[in-house]
Amino acid sequence: MRKRKRLFGVLLIVMALVIMALPVSEADAATSASDFVMEGSTLVRYRGTEKNVSVPDTVEVIGKNAFEDNITVELVVLPNSVTRIEEYAFWGCDNLDTVVLGRGLTSVGDYAFAGCKGLKEMSVPANVTSIGVQAFGDCVNMTDISIPAETRYIHDTAFDGCARLVIHCDAGTVADTYAQAFYERQKEMPEYEDVPNYQPDSGDRNDGADQQVPDTEPAPEPTPAPTPVDTEGDTINSTSVVGNQAVIFLNPEEMNVLVPTPAPAPTQEVTLPSVLTNIAEVMGNMMAVGPVHSIPKYTVVDGQIVADQAFYRSDSLEKVTLKEGITEIGQFAFARSTLREIQIPEGVTNICYGAFYHCDDLESVLLPESVMNVEPKAFDYTSMMENFKNSGTDFLVNGGVLLGYNGSDSQVFVPGGIRVIAAEVFAGHEEIESIRLPDSVLVVGEGAFEDCTNLRQVNLGTGVEQIKDRAFAGCSRLEAVKLPASIKTVGLQAFGNAEVIYNGSEPQRTYEISATRLSNEPYRDVSSEQAQPGVTVVGAVPSTARLEGASRSYTLLVELKEDISEVEAAWKRAMDGELPENMTVYNLRLTDNSGIPLTKLGRSGLNVVLPLPESLVGQELKLVTLDRNGQLEAAGVERVMLEGTECFRFRTTHLSLFGIYGVGPSSSEIREVSVYMNSYSAGPNERAESVNPVMILKYVFGAAVLILGLMLSLRGVRHAVRRV
């Protein structure tokens, strides 16, 4: 009997070792082998319904379309036996969020993971040598991928549409070269830095400017388009992403919107009310620290400014009439909307960056004589501009503003009567050798003649007053320019390296808002430096700041703001009440060695720790800031300890006024932070590997069998010893 127990114990030990040595993929897949349709060693179709799938280790190739359009699968584990993933293998697996690639993989085929919207990160094994066409195309929520040095080929389109992607790789590798080019392409997109969580349109024209995309960074599901909806009588609200948060815009009385109704009923004019009727739950600054509270915004600010992104992506606009009093149309205010016609009143002076960008149906615009500035991309890819390009006409003039140039002459005579040359109108026309402006021209826009590389002679006329940033930058053959006595202001790098001759007094030096973007370093007069990259905080002790991806030294000036009227006005507008009594307002000013304040940081975040005012120590904190239009925004904040002092910590992507206040005693724990704040981001290879529950079960069961076998064997051994 005891001999049989010893023998049984030995068998249990052997069984335990076999169980623990059994590959997880075999153990897991054995019960569902019929789910895998095979042709030799190629998996041609997975027809199971499991969320978590472990591919058997008998598979060497994931075949074409094997998992295509499977909306059930969420996790796939590929064994080391898989050497190739063929084209379209996981195409359209919307809910696939985790893929573990085996070490044997050598290539990722064309469109292999295209359209996998749930996929967020991936580590590519060292054996992978090639990544094919659109392999990860339109993986819009993908934030991180690690690519090894062994990868020798990555197709240019491999990550098209991955707006938030960070590529982790070794310097000097093929992946590194690809990553740098990829980031540069991202920066060229008009909305890359301006629109948080920007998603490319699948139906956009292939214009060379939409092969990606901002809003790089971890983000929720895309915010619904700002669709005006009749919610209460004639009240219209629209949801949009603005600044750091998703908000509901509230339309005041300053706008009349013609909203199309279902045919055959005629279009109905709707007057928007002037009272706040709804307060949106702010979805939150996705990169902020701590909770973010609710603050509404207006589509028109104080009856003067159509807010940035106010009607961005609206699919219910057709005709819009702006009422008197409007002076500015904000950045991307109507971009990518269904707008067909707009009436802009006298008094509007500024049409901002991308204001009507990709309004594909916009045919009719009449600019008033008051317009003095049209920023870059304002009308790009509108029907108006596309029709002009096909018209055979040389000049597109609207309300005295030159919006487009279609000619090919070496000598250009700008027509009389034009007051303003819009931004980038002649940019890149290398055939131009000379230009003559009429005396009627008052403003030469930003980058108007930039990179006209053969331009040698310029006659500015006698009336020009403003020449904006980079107007003639990159005109390498332009040796000298004479400025008329009428000139008042000249922007940054307006004439490149050309000699400037003044006929009157020297003009005032100015800069455009584009120069205040962190990423536009070439636009500023930034000198070389030897200083250590990082941020030095001035004006608050103790304090610290870290700019993500900083490649040079920066200075952050923190000033206690005594005149808080701007914040007070914004608070009353949004909250319909008085400022909290304990609010302290700071002005934050970030500069590089150009001295120009950097107000928009794009995809980079500035992490700041500042000491709390004495009155707020121990309080539950709230933080607000102002956007570019002066509207109130909520920001995430948390209490921390720095060098024994209670401080507040927050992250921002723009610099403005910040107000901190308390809402009662805090019960939350407070943690210590270092004066050298570390990055909290990491690539997939730097994160802890996920634990496979099947593997845990396998080892637990195997260990139990092993212990039982050892106990039986040892008991038999002890009995044998006693007998001896």
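This is a predicted model: local features need pLDDT of at least 70, side-chain atom pairs count only at pLDDT 80 or more; totals for chains, interfaces and linings use all residues.
Strand β1 (residues 36–39) and strand β2 (residues 42–46) run antiparallel to one another and are joined over four bridges. Within this pairing, phenylalanine 36 has tyrosine 46 of β2 as its bridge partner. The hairpin formed by β1 and β2 has two residues between the strands, and glycine 40 adopts a positive phi near 65° there. Phe36 and Tyr46 also belong to one aromatic cluster, whose members include Phe67, Phe90, Phe113, Phe136 and Phe159.

An open sheet is built from three strands in the order β3-β5-β7, with parallel pairing. Because β3 (52–54) and β7 (98–100) are the edge strands and each has a single partner strand, one side of each remains without a neighbour in the sheet. On average, neighbouring strands of this sheet are turned by 5° against each other, direction ignored. The parallel pairing of β3 with strand β5 (residues 75–77) extends over three bridges, and valine 53 has valine 76 in β5 as its bridge partner.

The largest nonpolar core comprises 70 residues, and Phe334, Phe356, Phe379, Phe426 and Phe472 are those with the most contacts inside it. At least two residues of this core are supplied by each of several elements, among them β22 (319–322), α4 (383–389), β29 (401–405) and β36. The largest share, four residues, comes from β29. Another core, of 46 residues, lies apart from it and includes Val82, Phe113, Cys116 and Cys162. In general, nonpolar side chains of soluble globular proteins tend to be buried together. When residues up to four places away in sequence are not counted, phenylalanine 356 touches Phe334 and Phe379, together with other residues including Ile329, Leu339, Asp380 and Thr382.

Aromatic pairs number 26 in the structure. One of them, formed by phenylalanine 472 and phenylalanine 495, is stacked, with 5.6 Å centre to centre and 10° between the planes. Phenylalanine 472 lies in the loop between β35 (466–467) and β36 (480–483), whereas phenylalanine 495 lies in the loop between β37 (489–490) and β38 (499–502); the pair therefore ties together parts that are 23 residues apart in sequence. Both phenylalanine 472 and phenylalanine 495 are buried.

Charged side chains were also found over aromatic rings. The charged end of arginine 470 is placed over the ring of tyrosine 523, 3.6 Å from its centre. Arginine 517 likewise lies over the face of tyrosine 353, at 4.5 Å from the ring centre.

Definitions and conventions: Residues are numbered from 1 along each chain as its sequence is written. Side-chain values use heavy atoms; hydrogens and water are left out. Rings of Phe, Tyr and Trp (its six-membered ring) pair if their centres lie within 6.5 Å; planes under 30 degrees apart count as stacked, over 60 as edge-to-face and the rest as tilted. Buried means under 20% relative accessible area, exposed over 50%, partly exposed in between (1.4 Å probe, protein chains only). A charge sits over a ring if NZ of Lys or CZ of Arg is within 6 Å of the ring centre and within 35 degrees of the ring normal. A nonpolar core is a set of buried Ala, Val, Leu, Ile, Met, Phe, Trp, Tyr and Cys residues joined through side-chain atoms within 4.5 Å. Contact means heavy atoms within 4.5 Å. Two strands pair if DSSP finds at least two bridges between them. Axes are lines fitted to C-alpha atoms, for helices over the stretch in contact, and angles run from 0 to 180 degrees between N-to-C directions.
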